[in-house]
Amino acid sequence: MVAGAASGRESMRERAPVTVTHALGSYPVYVEPGALARLGALAARHLPDRRLAVIADATVAELFGPKFPDGEVFAFPAGERAKTRETWAQLTDALLTRGFGRDSGIVAVGGGVTGDLAGFVAATYLRGVPYVQVPTTLLAMLDASVGGKTGVDTPQGKNLIGAFHPPAAVLADPETLQSLPERDYRSGLAEAVKHGVIADRAYFAWIAGEADALARRDPEVLVALVRRSVEIKAQVVSDDEREAGRRAVLNAGHTVAHALEHVSDYTIPHGEAVALGLVAESALAERLGIAPAGTRARVVEILTALGLPVRLASPLPTARVLDAMAADKKNRRARPRFALPSDIGAMHPGEGWTVAAPETAVLESLREIFP
Ligand SMILES: NC(=O)c1ccc[n+]([C@@H]2O[C@H](COP(=O)([O-])OP(=O)(O)OC[C@H]3O[C@@H](n4cnc5c(N)ncnc54)[C@H](O)[C@@H]3O)[C@@H](O)[C@H]2O)c1
Ligand SMILES: [Zn+2]
């Protein structure tokens with residue numbers, strides 16, 4: 001389990017990277033305080049003899065530019081609204097103009113938006129070049145940078161155009177989290193709660209117990225948090241890289257979350273939408289008799305302790321939320337599907353780890369998060 005103050009042997013283990021395996025090989029995920037200072041060396045090791053293009057949003061380029069490895073920097077405007085085909089086109093055009101060839105390597109430094117976008121650039125540039133992920137938000141460190149999913153949003157919805165393209169390595173430096181704006185920081189905690197819900201009841205309890213230390217961004221607790229979440233995600237995606245089956249459990253809370261993000265025109269950050277989605281979907285699991293009574297209450301309790309929303313600040317049109325769910329990628333025949341917990345720490349196997357739900361039950365569950 002997660003240890004706050006690690007013993008000598010454990011701190012040794014903490015420095016060893018987590019390994020993620022995929023169809024064509026494997027890659028290491030380093031979780032190391034101070035690692036950003038070694039970015040040049042790590043990029044050289046994992047993208048040997050490559051001409052490096054560093055892709056970062058403008059905020060991250062400003063904050064961490066001095067620590068970037070030697071190479072050209074390609075910056076784009078920060079925020080979810082930039083995760084589009086248009087930005088992808090601008091970045092790939094810029095690389096072509098600068099004469100980047102098949103010997104290029106991409107270093108994606110930033111949050112989940114940068115990882116998804118720069119990863120999609122790497123997946124598609126000259127039919128694919130290798131890349132390294134350097135997550136600098138909590139959400140990207142403990143979730144988005146692991147698993148090889150890349151892509152962009154379209155007017156129809158989230159992440160609808162993309163590709164699987166595993167990175168050559170992931171380098172997470174939890175020290176970078178100290179500069180994150182409070183709202184972005186808390187947002188990331190929602191994905192950690194999701195990991196507890198889907199796979200590890202003891203981790204869920206540990207997060208609840210460390211809520212105060214997490215609010216203070218205690219460095220040791222943060223390392224333990226990122227590490228355990230990466231292990232859980234690595235385990236799930238290593239077992240099922242292309243979401244043929246169990247990987248779908250990572251979508252817990254996300255059928256509702258993606259719809260809320262889309263309908264709010266991305267004014268609700270991804271992590272907050274995940275928090276609300278976990279509440280609505282655990283209510284749905286209870287309503288369908290899949291999860292025991294009290295599951296939703298435990299989810300609400302932990303999210304509240306972490307300062308995450310459990311109710312929308314202002315109402316959204318319910319019909320549009322239902323429509324957005326009907327456009328979700330997990331659907332079969334336009335019926336929304338949900339990855340639902342059977343308890344804290346365990347997911348309902350359903351059919352391919354997701355279930356369809358009657359619209360009345362979905363509506364009732366959405367009511368739990370409407371103001
Ligand atoms: N590929 C996946 O498996 C996966 C999984 C989960 C989420 N995602 C995606 O991740 C995205 C959300 O990622 P996010 O929450 O990291 O958003 P983000 O990338 O927009 O980052 C949030 C903000 O923090 C700023 N920032 C980044 N690092 C900073 C630092 N260290 N200090 C100060 N500011 C910093 C950024 O400039 C940005 O303004 C969504 O698009 C979501 O779909 C992808
Ligand atoms: Zn997510």
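Helices here are DSSP runs of H or I with at least four residues, strands are runs of E with at least two, and both are numbered from the N terminus. Hello everyone, and with that in hand, let's look at the ligand.

First, some ground rules. This is a predicted model, where local features need pLDDT of at least 70 and side-chain atom pairs count only at pLDDT 80 or more, while totals for chains, interfaces and linings use all residues. Residues are numbered from 1 along each chain as its sequence is written, chains are lettered from A and ligands numbered from 1 in the order written, and side-chain values use heavy atoms, without hydrogens and water.

So, which helix gives the most to the shell around ligand 1? That is H3, with four residues. Within 4 Å, heavy atom to ligand, there are 28 residues, and among those that come nearest are Glu-80 and Lys-158. By class, the shell has nine nonpolar, nine polar and 10 charged residues; Asp, Glu, Lys and Arg count as charged, Ala, Val, Leu, Ile, Met, Phe, Trp, Tyr, Cys and Pro as nonpolar, and the others, Gly among them, as polar.

Now the polar contacts, pairs of N or O atoms within 3.5 Å. Asp-57 has a side-chain N or O atom 2.8 Å from an oxygen of ligand 1, and for Lys-83 such a distance is 2.9 Å. Ser-179 puts a polar side-chain atom 2.8 Å from a ligand nitrogen. Alone, ligand 1 exposes 870 Å², and the protein buries 91% of that, by the Shrake-Rupley method with a 1.4 Å probe.

Finally, the domains: an automatic or database assignment gives domain 1 (18–179) and domain 2 (243–366). Their C-alpha centres lie 28 Å apart. Thank you!

Definitions and conventions:
Polar contact = N/O pair within 3.5 Å; in protein donor to acceptor, adjacent residues only side chain to side chain.
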